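Please read them with the sequence and the model side by side.

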Amino acid sequence: MIEIVNLTKRYGTFTALDQMNVTIEKGTVFGVVGPNGAGKSTTFSILATLLAPTSGTAYIDGIDVTQNPSKIREYIGYMPDFFGVYDSLKAGEYLDFYGASYGIHPKEREALIPQLLELVNLAHKKDTYVDSLSRGMKQRLCLARCLIHDPEVLILDEPASGLDPRARVEMRDILKELKAMGKTILISSHILPELSEMCDSLGVIENGQLVATGSVSAIQQQLKANKVLIVTVQHELDRAIQFFEDQPLAVDIRKTTETEIQFGFNGSDDDQILLLKEALHHQLPILSFTEEKTDLEDIFMEITKGVE
Amino acid sequence: MKSLLLNPVLNKEFKLRLRSFKSYLGILIYLLVLGTIGIGFIFLTTMNARMGYFRPEESRVMFMVLSMVQLALILFMTPGLTAGVISGERERQTLNMLLTTKQSSGSIIIGKLLSSLSFLLLIIVASLPLYSITFLFGGVAPGTILATFGLYLVTILTIGSLGVMFSTLIRKTIVAMITTYGVALFLTAFTAFLAMLSIQFLSLGGPNQAQNPIPYLLLMGNPAAVLITVFEPSMQKELLDQSGISIPLWISYLFTCALLITSSLWISIAKLRPNMKGKRSKRPKE
């Protein structure tokens with residue numbers, strides 16, 4: 001379990017993280033989404049014991065990251081958003097080096113490395129120099145490196161960034177496999193829609209603050225207040241526009257085609273039912289009354305639209 | 001000892017170093033420079049002598065010249081090899097991953113230092129056959145040779161530790177390297193210059209001036225001065241008489257080096273990873 005308590009990080013007058021609080025249950029996959037500079041990497045760096053918070057702290061399995069960082073390192077596998085590799089090492093040797101750094105016995109490493117390379121689909125590249133691997137392969141190798149000491153928690157900062165669609169799918173499949181293994185995974189991305197199917201819950205960070213947390217559907221619920229409704233009428237479009245303009249909960253009414261209007265609706269599901277009843281009561285020839293399907297990308301854009 | 005030999009960083013660095021063509025090129029250039037000076041010295045000496053002799057006394061001078069050149073080369077190479085060990089990893093974006101492993105800061109720093117120094121030792125060992133020319137002509141005691149190589153070892157360790165420290169503290173390799181060169185230059189050239197200035201300044205007062213410990217104190221960290229006192233015991237005696245200090249300069253040098261090595265390594269180990277507890281106690285509570 002990961003528990004972040006009042007976590008704050010300031011650089012001079014700039015506040016990168018502002019009193020963040022979140023609890024991530026064991027075995028869940030928690031996705032963190034937010035625009036660049038929102039504080040995702042800062043949070044991850046603190047959890048990875050690479051950055052000291054200004055105030056507040058975080059606990060992994062009950063261990064305080066600020067009090068016992070060396071113990072934390074045994075629990076976590078960290079993959080930074082940007083990373084380099086030792087070019088003159090072969091893929092197998094690369095993993096062997098990190099295995100040794102975690103104090104794993106040479107005999108164990110010998111058995112472990114082929115398994116890890118198998119997991120990330122790089123078994124055939126064991127004796128290939130790391131610098132000749134493609135970007136996607138390097139990302140997967142780095143993921144294998146995170147796993148070498150069998151950590152309970154994985155902290156993956158943008159693991160799919162810069163990958164082509166096929167490499168992303170491969171990365172996603174590996175993450176699914178890790179989820180099935182029962183790892184607690186903390187993952188950040190700006191291509192969250194792709195990862196949404198494997199995230200149990202999401203956190204949206206903006207200006208160093210967590211603005212929304214919960215399951216993917218809960219976040220969608222939270223944002224339902226700002227849903228977009230689309231109404232199609234057979235005729236009498238002008239009267240329909242007039243009607244919706246009179247409704248206090250409807251905003252930003254736009255005519256999209258000759259028979260369709262679209263508007264923002266700041267009401268609950270009940271309000272929405274009432275609105276439809278009212279419209280029918282006014283004898284509007286309504287053909288369809290639908291809510292625009294929003295996906296995670298839209299939610300992300302919606303939440304972060306105030307951010308420069 | 002076994003755990004030291006199994007240091008993962010040391011192991012990896014050996015692999016990386018010996019797989020790089022640059023390392024072999026470095027050894028080649030080093031030996032070419034030293035060899036040219038050695039052979040050139042013999043050539044020049046025998047060319048000007050009518051009989052074409054190369055006497056033990058000249059062999060001794062050649063050894064001194066070679067040793068001084070070797071010291072200069074060491075002072076030139078050590079910062080280059082050590083001042084990038086941590087900042088280089090930072091620049092290649094591999095440091096963060098290394099720091100999140102279980103390896104202790106001490107093990108990482110010592111592994112980095114030893115791997116760079118082993119390469120310098122390899123170069124010095126590779127230069128031994130060149131020194132053997134001196135043995136053909138005699139003139140140098142085995143003790144002097146041992147002392148010279150001991151001095152190299154201590155100097156490498158000192159400048160190397162300083163290099164690792166600057167590499168840990170300074171983000172950019174190039175700045176860390178310049179700083180280390182600066183310190184090496186200060187320890188060798190600048191202290192020697194100040195010492196000479198101090199001697200000259202006090203001799204203005206006439207032949208019966210009081211004892212002056214300043215040159216001795218200035219030269220306590222100067223490897224070149226120590227090397228000269230090893231070659232020329234008379235200079236050592238003069239320095240001791242003048243300063244009124246009876247401890248041979250090399251002992252003071254060892255002491256200075258031990259202090260520099262310990263403090264640089266201690267700072268490097270303490271500063272490699274962030275202090276996770278931060279400065280929170282100094283900040284007002286919100």
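1. In this predicted model, the C-alpha centres of domain 1 and domain 2 of chain A lie 42 Å apart. Domain 1 of chain A covers residues 2-213, and domain 2 covers residues 223-303.

2. An open sheet of chain A is built from four strands, which follow one another in the order E12-E13-E11-E14 with antiparallel pairing. Strand E12 (250-255) and strand E14 (286-291) of chain A each have a single partner strand and stand at the edges, so one side of each has no neighbour in the sheet. On average, and ignoring direction, neighbouring strands of this sheet are turned by 20° against each other.

3. Within this sheet, strand E11 (residues 227-233) of chain A pairs with strand E13 (residues 260-265) of chain A through six bridges in the antiparallel sense, and A:Thr232 is found opposite A:Glu260 of E13(A). Helix H9 (residues 237-245) of chain A packs on the sheet, where it touches E11, E12 and E13 of chain A, and its direction makes about 165° with that of E12(A).

4. The loop between E11 and H9 of chain A holds A:Glu236, a residue that is not a glycine and yet has a positive phi of about 55°. Because 15 other C-beta atoms lie within 10 Å of A:Glu236, this residue is partly exposed.

5. A positive phi of about 55° is also found at A:Asp61, which is not a glycine either. A:Asp61 sits in the loop between strand E4 (55-60) and strand E5 (63-64) of chain A, and A:Asp61 counts as partly exposed because it has 16 C-beta neighbours inside 10 Å.

Key: Residues are numbered from 1 along each chain as its sequence is written. Chains are lettered from A and ligands numbered from 1 in the order in which they are written. This is a predicted model: local features need pLDDT of at least 70, side-chain atom pairs count only at pLDDT 80 or more; totals for chains, interfaces and linings use all residues. Two strands pair if DSSP finds at least two bridges between them. Helices (H or I, at least four residues) and strands (E, at least two) are DSSP runs, numbered from the N terminus. Axes are lines fitted to C-alpha atoms, for helices over the stretch in contact, and angles run from 0 to 180 degrees between N-to-C directions. Two residues are in contact if their C-beta atoms, placed from the backbone, lie within 7 Å. Domain bounds come from an automatic or database domain assignment. A residue is buried if 20 or more other C-beta atoms lie within 10 Å of its own, exposed if 12 or fewer, and partly exposed in between; C-beta atoms are placed from the backbone.
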